[in-house]
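Please read the points below with the model open beside you.

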Amino acid sequence: MVEYRIDRRSGVATYMQIVQQTKQALRLGLLEPGDRLPTAREVVEATAINPNTVLKAYRELEREGLVEARRGLGTFVRRTLGAGAQAAAGTPLRAELDDWAGRARSAGLGREDVDAFFTAVLDEHFPKGDQ
C-alpha cells in the first residue's frame with residue numbers, strides 16, 4: 001500500500017501531491033490493478049490533512065480513469081502507468097541511476113540540486129509536449 005508524504009513547503013497543492021505520488025507508485029509498479037488505496041481516514045490519520053483533500057485527489061484519479069471507488073469497499077486501482085518504467089525497474093538503468101544518485105550525494109549535492117540537474121537533463125532529452 002502507498003504511504004503519502006505531504007510537503008507543506010513545496011508550493012504544490014496537497015491534493016496534487018497525493019495525485020502525483022499515486023501516479024509515481026503506478027509507474028514504478030508499487031500499485032497494480034486491483035490494489036486498494038488507503039482510505040481517506042487512513043490518509044488523514046497519517047498526514048493530518050483534511051478528508052476533503054484526500055477525496056478531491058481520489059476524484060481526480062478517478063476522473064483520469066486510474067482508480068475506481070466502490071461504495072462501502074474503498075478506492076481501487078483500475079490501471080497502471082508506464083510499463084516501460086516497470087520493466088526498467090529491475091534493469092541496469094535503475095542500478096546506474098542509483099549509483100549516480102549515491103555519487104551525487106557523496107559529492108555534497110542536496111536533493112534540490114539533484115532534482116535541478118535531473119530536470120535539466122530530462123528537458124534536453126524529452127522536450128515539453130514530447131510524452
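1. Of the 131 residues of the protein chain, 22% count as buried, where buried means under 20% relative accessible area, exposed means over 50%, and partly exposed lies in between, with a 1.4 Å probe and protein chains only. This is a predicted model, in which local features need pLDDT of at least 70 and side-chain atom pairs count only at pLDDT 80 or more, while totals for chains, interfaces and linings use all residues. Residues are numbered from 1 along each chain as its sequence is written, and side-chain values use heavy atoms, with hydrogens and water left out.

2. The protein chain holds six helices and two strands, in the order α-α-α-β-β-α-α-α from the N terminus; helices (H or I, at least four residues) and strands (E, at least two) are DSSP runs, numbered from the N terminus. Its C-alpha trace spans about 50 × 30 × 25 Å along the principal axes. Among contacts in the chain with a separation of 6 or more, 53% come from residues 24 or more positions apart, a contact being heavy atoms within 4.5 Å.

3. How far apart are the end C-alpha atoms of α3? They are 18 Å apart, which agrees with the 18 Å that its 13 residues should span at 1.5 Å a residue, the expected span being 1.5 Å times one less than the number of residues.

4. Within α3, the residues Val 54, Ala 57, Tyr 58, Glu 60 and Leu 61 are buried. These five cover an arc of only 155° around the axis, so they sit on the same side of α3; the arc is that of the directions from the helix axis to the C-beta atoms. Asn 52, Arg 59 and Arg 63, on the other side of α3, are exposed. The buried residues of α3 pack against α1 (14-27), α2, β1 (67-70) and β2 (74-77).

5. For α1, 14 residues at 1.5 Å each should span 20 Å, and the end C-alpha atoms are 20 Å apart, in agreement. The buried residues of α1 are Gln 17, Ile 18, Val 19, Gln 21, Thr 22, Ala 25 and Leu 26.

6. Two backbone angles deserve a look. Most residues other than glycine have a negative phi. Ala 48, although not a glycine, has a positive phi of about 60°; Ala 48 is found in the loop between α2 (40-47) and α3 (51-63), and is exposed, with a relative accessible area of 62%. Gly 29, which follows α1, also has a positive phi, near 80°.
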